[in-house]
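Here is a friendly briefing on how the parts of a protein model touch and pair up. Have a look at the structure first, then read on.

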Protein chains: 2
Amino acid sequence: MGVTVAIDCMGGDHGPAVTVPAARAFLRNHPEARIILVGRQDALEQAMTAIGNGFGQRLSLHAASEVVAMDDPPAIAMRTKKDSSMRVAINLVKSGEAQAAVSAGNTGALMAISRFVLKTLPGIDRPAIATILPTRKGQTYVLDLGANVDCLPEHLLQFGIMGAMLVSAVEHLERPTVGLLNIGEEAIKGNEVVKRAGELLKASGLNFYGNVEGDDIYKGTTDVVVCDGFVGNVALKTSEGLAQMLATFLREEFSRNLLSKAMALIAMPALKRFKHRVDHRRYNGAALLGLRGVVVKSHGSADAFAFEQAIHRAAEAASNRLIERITERMTAMGVAA
Amino acid sequence: MGVTVAIDCMGGDHGPAVTVPAARAFLRNHPEARIILVGRQDALEQAMTAIGNGFGQRLSLHAASEVVAMDDPPAIAMRTKKDSSMRVAINLVKSGEAQAAVSAGNTGALMAISRFVLKTLPGIDRPAIATILPTRKGQTYVLDLGANVDCLPEHLLQFGIMGAMLVSAVEHLERPTVGLLNIGEEAIKGNEVVKRAGELLKASGLNFYGNVEGDDIYKGTTDVVVCDGFVGNVALKTSEGLAQMLATFLREEFSRNLLSKAMALIAMPALKRFKHRVDHRRYNGAALLGLRGVVVKSHGSADAFAFEQAIHRAAEAASNRLIERITERMTAMGVAA
């Protein structure tokens, strides 16, 4: 993997304290990869002093004077912070110095800047965000989780194409299955947009499975699940809420009294294995799709392990020709300009 | 509670084997309530022989010669099975012999028949289905989970009114909070329908909290969560899928080997308390709202305990004037005919 990844070191809740150790771990695990750390000079130098540089030319620093805050409105971040670490990292993808960028910063700003700097691919109307969820069988890529709230059937088709190409590139599946998120009542299956999107996907040449329902996400029925950004956001947030509630209840029941605490101690190995299987850190790294370059968004609260997964996904996507795959498929379908 | 509930004894996966014992338990726990069991003569007589009748005139039988199957299309169930136990139970509400009907049968048929027999309330365009989900604080009523896929803002307003009145009647909260399910990105908050629905709800005189996100459902942020039937279905099914996956993983980790099984045995009291807190049987009984009569849908796979909860909710709604509450609120808002 001779790929170079530009990292916005300042993004996320923890900044360089997380992004720099993650970069080091990534370089250790990928001996051919290169990383460009982008951030404020002082912060980078401090972090480098702490970790040392045993990577020679595989690790370089690139100064940027500004930082996009988590609560900066996207338009403000784009117009007023032209030397932000986020923007400079994306500029490095644009110029070809890097093949992918990773940031744990503000999602709205990352999408706006990526779209402005990199532009969308031919035939793609709206970039989308694909996140990864654990399933009984492994994992599923769900998109859109971005800002595409009122979608046309053609947009859902594009999400299907981009999602399938992402899974091809990152998971090395040549014909990933694509499901369209719908509801089950026979007589009234879905709304008009979803119905029409189903027809388009059926005719697309993708490995289209057909409609799936909400529970199919976690059953792992398909490799890709397509929906509009409103529905995707609700599905993801609802899942987060339920998982947090269940974790809280489980913790409370195992810490109710001394006896419960003893039970927890004894059951710890099984509880730990359970926790590992659903550890969201392993699924960190949502791809911004439809752009002329690979951009991956890490969760803002990611730790170094989680951020390293996001770097890994970005490197995989770039070295396995994600952008070319999407372009080729769009061209083959005659939908690219 | 001097209410009479008509029970479709034949509906659900288990029919009289579940519905009749549930009715008996309900009558024991509610000394002033009455029940009319509706079903095939032979099935009812058999069930009554098994349980005996210690309830005198509080328990009566009403024969119906047909049964709606779980896979009957709603239109067929309505047109060709005019003497089905489901329809006869609803007829009893229409005639005033019962104040509520409960069925564990086919949801689509139950809605179609209820709508045809009972009609909608003045000002209500579309009936909705409200289900109950457990939360950190207790429970939340979510609607619509029915067939309302393409909603206008006015429909979402009506769902808010009906949901609030349901919680008032069943949970005895005079001013339940109502949240509108939306997504979080500031700049692009929601689609046009949801935005406009928010304005209508704000002006409605309900205790409108504002927008909520998917995770607020399980946080218990509001007593009622309003969304269209597509989004509601996805949120519910996604939750079911996640809960099942987590339960499977937990079971697998506690039965991996002899040692794990011993851990499970020791941890059993805590695991059982955890299971009880999220036991979906306690939340059984989804109200069909907007009709001129109380109809409650039980889950098809409900056991006697779960079905009894559905009967209880139906009785609470009827004896606490659900229909009158909705009518009064609609009239006060000037939206009723």
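A residue is called buried under 20% relative accessible area, exposed over 50%, and partly exposed in between, using a 1.4 Å probe and protein chains only. This is a predicted model, where local features need pLDDT of at least 70, side-chain atom pairs count only at pLDDT 80 or more, and totals for chains, interfaces and linings use all residues. Residues are numbered from 1 along each chain as its sequence is written, chains are lettered from A and ligands numbered from 1 in the order in which they are written, and side-chain values use heavy atoms, leaving out hydrogens and water.

**Where chains A and B meet**

- Contact here means heavy atoms within 4.5 Å, and 55 residues from chain B and 55 residues from chain A take part.
- The size of an interface is often given as the accessible area lost when the parts come together.
- Buried area is the accessible area (1.4 Å probe) that two parts lose on being put together, summed over both; for chain B and chain A this is about 5300 Å², with 72% of it on carbon and sulfur atoms.
- The two chains share 16 residue pairs in polar contact, both residues being at pLDDT 80 or more. A polar contact is a pair of N or O atoms within 3.5 Å; within protein, one must be able to donate a hydrogen and the other to accept it, and residues adjacent in sequence count only if both atoms are side-chain atoms.
- On the side of chain B that touches chain A, α9(B) gives the largest share, 19 residues. Helices (H or I, at least four residues) and strands (E, at least two) are DSSP runs, numbered from the N terminus.

**Salt bridges between the chains**

- Side chains of opposite charge can pair when their charged atoms come close.
- A salt bridge is a side-chain nitrogen of Lys or Arg within 4 Å of a carboxyl oxygen of Asp or Glu.
- K237(B) pairs with E213(A), their closest N and O atoms being 2.3 Å apart. K237(B) sits in helix α9 of chain B and E213(A) in the loop between β8 and α8 of chain A, so this pair joins two chains.
- E213(A) has 22% relative accessibility and counts as partly exposed.
- Is E253(A) buried or exposed? E253(A) is buried, at a relative accessible area of 1%.
- E253(A) forms a salt bridge with R277(B) at 2.9 Å, N to O, and another with R273(B) at 2.6 Å.
- E252(A), E253(A), R256(A), R273(B) and R277(B) are linked in a network of salt bridges.

**Within chain A**

- D303(A) and R281(A) form a salt bridge, with their closest N and O atoms 2.6 Å apart. The pair links distant parts of the chain, 22 residues apart.
- D303(A) is partly exposed at 27%, and R281(A) is partly exposed at 28%.
- An automatic or database domain assignment sets the domain bounds: chain A has domain 1 (1-123 + 290-320) and domain 2 (125-287).
- How many salt bridges are counted between domain 1 and domain 2 of chain A? The count is one.
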